[in-house]
Amino acid sequence: MDTLLLIGDSIRMFYCKYVREEMGDRMNVVWPEENCRFSLYTLRNMWEWANLAENPEDVVAVHWNNGLWDVTRRTIDGECLVSKEEYARNLERLIVEFHGRFPKAKIIWATITPVDPAFPTARNDDIDAYNEIALGIMAKHNIPVNDLHATMAAHPEYIRRDDLIHETEEGARVLARQVKEAVLKALDEK
């Protein structure tokens, strides 16, 4: 059966079960139970997560994002956890990884979602800058983009008030429908 692999941080963790509901019998939807965190963490763990699909040849799409952890500022020096240069290199390496592990899969990039301005360890200007880096890389590789950032930015009510970063249940359902539509569109264009 055709398989969709969802890779991403905790934003993905909130919407993945709804993507499975949205897809119904169209395809098998799989994802790592854990948070895929920052880009280098995702790269390091893809050898294991590739086994989520019973057969890598069945993976027809990989819907993927990294970024919220990359832009986090939790260290004493106040810098983003992953520099812009490292982020770009990691995304390039992940593209090679996905193509190598899932040769038949269409890759779809999902933009980094915004945070509430009061969120203490990530800033929207960093998110915008890292999204720009990612968009340039995706354009270079002809990878379609699912703009989750635009959806969340247009609907700040979808950002939970208790943590200022994750989506509400309503927001998760909206993002899941958007993921389904982006994946099906990408597969139609393949």
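A salt bridge (a side-chain nitrogen of Lys or Arg within 4 Å of a carboxyl oxygen of Asp or Glu) joins Arg-123 to Asp-126, with an N to O distance of 3.6 Å. The model is predicted, so local features require pLDDT of at least 70 and side-chain atom pairs pLDDT 80 or more, whereas totals for chains, interfaces and linings use all residues. Residues are numbered from 1 along each chain as its sequence is written, and side-chain values use heavy atoms, without hydrogens and water.

With buried defined as under 20% relative accessible area, exposed as over 50% and partly exposed as in between (1.4 Å probe, protein chains only), Asp-126 is buried at 7%, while Arg-123 is partly exposed at 39%. Both residues belong to a network of salt bridges that also includes Arg-73 and Asp-125. The count of salt bridges comes to 12.

Helices (H or I, at least four residues) are DSSP runs numbered from the N terminus. The axes of helix 3 (residues 84–101) and helix 4 (residues 124–140), as lines fitted to C-alpha atoms over the stretch in contact, come within 10 Å and cross at roughly 35 degrees, on a scale from 0 to 180 degrees between N-to-C directions. The contact (heavy atoms within 4.5 Å) involves residues including Leu-91 and Glu-92 of helix 3 and Ile-133 and Lys-140 of helix 4.

Terms used. Helices (H or I, at least four residues) and strands (E, at least two) are DSSP runs, numbered from the N terminus.
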